[in-house]
Amino acid sequence: MKTELRGNGAPISLQNPSLFDNPQSSITGALKGCLGSLDGACIEKLLLHCASALESNDVTLAQQVMWVLNNVASSVGDPNQRLTSWFLRALVSRASRVCPTTMNFNGGSTFERRLMTVTQLAGYVDLIPWHRFGFCASNSAIFNAVQGCPRIHILDFSITHCMQWPTLIDALAKRAEGPPSLRITVPSCRPPVPPLLNVSTEEVGHRLANFAKFRDVPFEFHVIGDPCLSSSGEILSKQSSAFQFESLLSHLTHSELDLREDEALVVNCQNWLRYLSDERKGSIAHDFSLRDAFLDIIKGLNPHITVVVDEDSDLSASNLTSRITTCFNYLWIPFDALETFLPTDSSQRLEYESDIGHKIENIISFEGFQRIERIETGAKLSQRMKNACFFGVPFREETISEVKSLLDEHASGWGMKREEDMLVLTWKGHNSVFATAWASSGQED
């Protein structure tokens, strides 16, 4: 999904900007010194003041801080300014919900959804290794796990429309013993997040089938569940989407998935678990969340290997100020990375950043079922998997080499490290994305 916002846009109009000049204002002093500053710590301080003001319904202070932020932010400035512009939009969006009649802002959320072509999507995932890192680590782990298996069935939960699989199909085609038959099953229900594609899931499957045929890999493609996207790609309400996720679990059965004894089952989760609610339901004795229920069902399918990739940050806190601090100190990474090789007015850069802006708005502006970006760290995910009785599978040295070769294609700031059985993509030493591989009890050997 892309927004069509360009440049700095119309400035945010405050009811009374002169409030900033009030000597009794609580924003004077240290905060006033931030005007025009590009220092990240100062910007973070301003964002937290604004959030606290909104939480306490202090309309005057919130307006004053937004006025200061609006003088710092620019969607065509340096990384700090660009990141600030999206946080400001998110706070304005939240303000319009918290104080709709008291706060008179212009320039609230105006996200428009842009559908990508398959070619545009390929460029999107190649821009920085944010997605390709997970593709590479997962595909290598899957390839190693299914060596010698004549039939493979991949249950794919991801947001990137099967962009991961051509590389694996190509690798399977080159197996010394000959290619296996490959079956990919995807859910029809997809999180309402970027990137969106201008073709149907069935069309994606048809294109994969053509590529597999070209590589002489026997191939099947199936879609399960009730659709939550219309044929035109319009997103249904977030609430109905949440219900679709819950109903999806009922389709994850041996019969509906047509599981076959002679197939090696692979479960692939790329940026997926975060969209399953972690709110507990049921009695104390049978307390569960949708996220844990999903993992319990997956374990019951006894997959040959399960791979889980996601962003390595904790954005699930109920407290707004905690989310702002974590989000600001995490999402600077892609903004900083794009700065190294794209000009400030690059349309490709602006569109990629607008996707991040969509995420920031959801994290900051929304609460309850509408706040769907509930990311947890790799360490938390690993503990969750262990609690669900999965066993970690270490990545092999050839996987490490493949990932390093991938990163050599990108800016020098990208790196990789191991944390126990987990691989972590880093930018200038800061954790960005994690990749993990897991076996169920019946497959641990």
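The buried residues of helix 2 (residues 59–72) are Val-59, Leu-61, Ala-62, Gln-63, Gln-64, Val-65, Met-66, Val-68, Leu-69 and Val-72, where buried denotes under 20% relative accessible area, exposed over 50% and partly exposed in between (1.4 Å probe, protein chains only). The structure is a predicted model, in which local features need pLDDT of at least 70 and side-chain atom pairs count only at pLDDT 80 or more, whereas totals for chains, interfaces and linings use all residues. Residues are numbered from 1 along each chain as its sequence is written, and side-chain values use heavy atoms, with hydrogens and water left out. Helices (H or I, at least four residues) and strands (E, at least two) are DSSP runs, numbered from the N terminus.

Helix 2 is mostly covered, with ten of its 14 residues buried.

The axes of helix 2 and helix 3 come within 9 Å and cross at roughly 150 degrees. Axes are lines fitted to C-alpha atoms, for helices over the stretch in contact, and angles run from 0 to 180 degrees between N-to-C directions. The two helices are therefore roughly antiparallel, a label given to angles over 145 degrees. Met-66, Leu-69, Asn-70 and Val-72 of helix 2 make the contact with Gln-81, Thr-84, Leu-88, Leu-91, Val-92 and Ala-95 of helix 3, contact being defined as heavy atoms within 4.5 Å.

The largest nonpolar core has 91 residues, of which Phe-87, Leu-91, Leu-182, Ile-184, Ile-360, Ile-364 and Trp-414 touch the most other members. Helix 3 (residues 79–98) supplies the largest share of this core, eight residues. A nonpolar core is a set of buried Ala, Val, Leu, Ile, Met, Phe, Trp, Tyr and Cys residues joined through side-chain atoms within 4.5 Å. Apart from neighbours within four places in sequence, Leu-91 is in contact with Leu-47, Cys-50, Leu-54, Met-66, Leu-69, Ile-324 and Ile-364. A second, separate core of 34 residues includes Phe-157, Leu-257, Leu-265 and Trp-272.

Leu-423 is located in strand 10 (residues 422–427) and is buried, with a relative accessible area of 1%. Beyond four places in sequence, the contacts of Leu-423 include Phe-133, Phe-395, Ile-400, Met-416 and Val-433.

Note on methods. Expected span 1.5 Å × (residues − 1). Parallel < 35°, antiparallel > 145°, perpendicular 65-115°, else oblique.
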